[in-house]
Each structure stands twice: as C-alpha cells, then as structure tokens.
Amino acid sequence: MKPRIPFALFATTGALAAALLAGGGQAAAAQAHPVATAHGTFGQYTEGRTASTYDPALVPVGARAGVFSLSAPAVGTTTKLAVSGLVPGRHYGAHVHTKPCGATGTDAGPHFQHVQDPVSPSTDPAYANPDNEVWLDFTTDARGTGFALSHVDWSYGERRPASVVIHEHHTSSEPGEAGGAGARLACVNVNF
C-alpha cells in the first residue's frame, strides 16, 4: 500500500484562501496567483515531472509530497509542506527555491529571499534566516511522514520562486553557515 499524505493539513489554509479570493477583493486583485498547490510522487527526474528525487536512499522513489502556499499583501505568505514515504525518524531541511527542479538539485537555484543578499551563496544570517526566506524543516515520524509550516510577513511580487527543495538536514542559522542544510535530496515544482 502506498503511503498517503493526510491532506486535511491543507484544509485550514484553504478556507482562508477561499475567503481572500471571494470577498477580500483588493488583495486578490493586486496579485495574480495568491494560492499555489503541488502534489507529486517522487521519481527520477524527467521533463515535466512534479517531484524528483536525487537521493533515493533518503527520498525513495514512490514517496509523496504536497505543497500549499497562500501569498498576498494582506496576509503575508503561509507555506505548508507534507511528505510521506521518507526515512522514518529523520531530520530534513526544506526551502523555497528560485528556479524549477532540474536534472540535478543545483538546477533549482538558491533559496528565494525577500531581500536578496548581494553575496552568493548567501550564508549571512541577516539574509539567510526564516524571516527572509521560507524554511520548511521537518522531522519524519515512525512511518516516514512529516509536516512543516512557514509564515512570513511579506508576499511574493513580480519576482517569484518555482520549487521546494528537500535537503539533507535541518537548516543552520550560524554565521558563515546560515541557510545551509546539506545536500539537495529532492525537489518539488510549484507554480507560486
């Protein structure tokens, strides 16, 4: 039996999104796509695949991921990540990245930053932090299921991210290592 992601996790934010789109008016009009979702089953990268694994030992083929994002000026940006079928009892890092998934993890580009660090790669905690980036670190349970939630006070504008990358370990916040989370294990394309 394939592992299933309890997508009820996404329902609470779905109600907020519906209210924003239906009655909030101005916030929805100011931004073309305030709501983004992606659901995929991890497999080897191919053109058009939603979820790609680069390390099947840590993100197995057949594991699943779901991403929900609500980003609007009136509410900031809330992002939820749910995964299933990963290694049980393990720490993973995850972040929103600037480019779509590709044949290798590096194709997804750097972390999306609201205020961009002029130095790349960004390891300065003034830029590489969970208030300026979307960090979605999680720890899987005994069944290999994990959840993460991020909320930041800013919303996406014309410059938009394109993916969520799952990393080898939780994200560091130490100077000179800030934003680092090890190897890029997998990637999910999201039309933010």
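## Residue S163

S163 counts as buried because its relative accessibility is 0%, where buried means under 20% relative accessible area, exposed over 50% and partly exposed in between (1.4 Å probe, protein chains only). The model is predicted: local features need pLDDT of at least 70, side-chain atom pairs count only at pLDDT 80 or more, and totals for chains, interfaces and linings use all residues. Residues are numbered from 1 along each chain as its sequence is written, and side-chain values use heavy atoms, with hydrogens and water left out.

S163 belongs to strand β8 (residues 163-167); strands (E, at least two residues) are DSSP runs numbered from the N terminus. A polar atom of the S163 side chain lies 2.7 Å from the backbone oxygen of K99. Residues touched by S163, not counting those up to four places away in sequence, include K99, C101, C187 and F192; contact means heavy atoms within 4.5 Å.

The link of C101 and C187 is left-handed, with -85° about the S-S bond. Under the criterion of a pair of cysteine sulfur atoms within 2.5 Å, the count comes to one disulfide.

## Open sheet

An open sheet is formed by four strands in the order β1-β3-β4-β7, with antiparallel pairing; two strands pair if DSSP finds at least two bridges between them. The edges are held by β1 (35-41) and β7 (146-152), each with a single partner strand, so one side of each has no neighbour in the sheet. On average, neighbouring strands of this sheet are turned by 5° against each other, direction ignored; the angles run from 0 to 180 degrees between N-to-C directions, with axes as lines fitted to C-alpha atoms.

Nine bridges pair strand β3 (residues 64-72) with strand β4 (residues 76-84) in the antiparallel sense. G66 has A82 in β4 as its bridge partner.

## Nonpolar core

The largest nonpolar core has 30 residues, and those with the most contacts inside it are F42, L81, F138, V164 and I166. Such a core is a set of buried Ala, Val, Leu, Ile, Met, Phe, Trp, Tyr and Cys residues joined through side-chain atoms within 4.5 Å. Two or more residues of this core come from each of β1, β3, β4, β5 (91-97), β7, β8 and β9 (184-189).

Among the residues that F138 touches, not counting those up to four places away in sequence, are L81, Y92, F147 and I166.

Definitions and conventions:
A polar contact is a pair of N or O atoms within 3.5 Å; within protein, one must be able to donate a hydrogen and the other to accept it, and residues adjacent in sequence count only if both atoms are side-chain atoms.
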